[in-house]
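Trainee: Could you take me through a close look at one part of this model, with every term given its cut-offs?

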Amino acid sequence: MALFRRTPTLLGIDLGSESIKAIEAVREKGRVRVIGFGKVELPSADARADALADLLKHCNFKSKRVATSVSGRSVIVRYLNMVNIPDENLKTAIRFEADRYIPFDLNEVVLDCHRIEDAPGVGANEMKLLLVAVKREIVDEQVRLMQGAGLQPELIDVDAFALGNAFALGGPTFDMAAGKVVALVDIGASKTVVDIVRGAESYFTREVYVGGNEITNAISKRFGIESFEGEQLKRQPASREQEIAEAVLPSIEDLGNEIQLSFDYYENQSDSKVEEVYVSGGGSRVPGLEETFERIFERKTLSWNPLEGFELDAGLDHQALLECVPALGVAAGLAARAGA
Ligand SMILES: Nc1ncnc2c1ncn2[C@@H]1O[C@H](COP(=O)(O)OP(=O)(O)OP(=O)(O)O)[C@@H](O)[C@H]1O
Ligand SMILES: [Mg+2]
């Protein structure tokens, strides 16, 4: 009797600093299909509620159930090598561990943990544990924002893990990376997320607080124009691609060097190598970025399409989707939790 079965539909909402992105997905027979999407730019950070209301009004999503994600300095992620303990003792053990590793009052955070399977550099009788602590006020704020928009918050993830989840859904890039430790690098407006993964497991993550805003600033400075004009020029370089590539080169190099530090750190403490790099995020769309990164990282560096593991509903506006697809990694990974 299927009449009353709930459709496993979920709305993934990425509350970025420049724009809110939403993807609605449904899981059917193990496949995840995108049935709706939308993006709205934020005039300012305190305009989130209005922008979200606007987005929902225009998109007519079917689902009220929503997954969101957190990021930034109020989110602490730690990877701990510790004595292997059974699952039933984990909850007690992590409160003790968290006290040592989390720089916040434990009464003010929401804690979660996950056992990482088959991580490199983990000895016998040891396990690798992923510990996440998020300031409670950030979680409460998101819940209020969603409820205020008439939505029903179902889960809250971390940007980096949502990105990893979109990757792990499969597709040509995931297949190409099979069995290898690779890095996902998502460049937003205000920050860049680095997630070092193998398959569906995250082995290391870090946020670098540099992104597309920095690149726009470099363009505006170089050409002596206002930042909104720099933004326009970056998005529509027309015949000035070469000039722009030159103007942004130092910023891209700085970002690349900063990311390289994360690779070095991970490689030193795990004794395994980051083999390839997959770049996404709205901020990655500047001429010359992949080539510069590849030169700095000295490993294969490619852009990937975060929706490549999804089926796309025939009714979608494919042209509009294509226009914003690089920035949809987090929203896609959140929506992919539909029915999971
Ligand atoms: N067509 C384009 N060409 C070049 N850059 C673009 C284009 N469209 C968007 N961007 C840049 O992408 C960035 C926004 O990307 P994204 O939507 O991933 O960020 P966000 O999620 O809002 O920010 P954050 O993750 O830092 O909070 C901006 O810096 C913007 O300038
Ligand atoms: Mg973002």
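**A loop and the helices around it**

Mentor: Ala238 is found in the loop between helix 7 and helix 8 (241-270), where helices are DSSP runs of H or I with at least four residues, strands being runs of E with at least two, numbered from the N terminus. This is a predicted model, in which local features need pLDDT of at least 70 and side-chain atom pairs count only at pLDDT 80 or more, while totals for chains, interfaces and linings use all residues. Residues are numbered from 1 along each chain as its sequence is written, and chains are lettered from A and ligands numbered from 1 in the order in which they are written.

Although Ala238 is not a glycine, its phi is positive, near 45 degrees. With 7 other C-beta atoms within 10 Å, Ala238 is exposed (12 or fewer; 20 or more would be buried, and values in between partly exposed, with C-beta atoms placed from the backbone).

Helix 8 also packs with helix 6, at an angle of about 125 degrees and with the axes 9 Å apart; the axes are lines fitted to C-alpha atoms over the stretch in contact, and angles run from 0 to 180 degrees between N-to-C directions. The two helices are therefore oblique to each other, a class that takes what is left after under 35 degrees (roughly parallel), over 145 (roughly antiparallel) and 65 to 115 (roughly perpendicular). In this contact (C-beta atoms, placed from the backbone, within 7 Å), Glu214, Ile215, Ala218, Ile219 and Arg222 of helix 6 meet Ile244, Ala247, Val248, Pro250 and Ser251 of helix 8.

Note on methods
Two residues are in contact if their C-beta atoms, placed from the backbone, lie within 7 Å.
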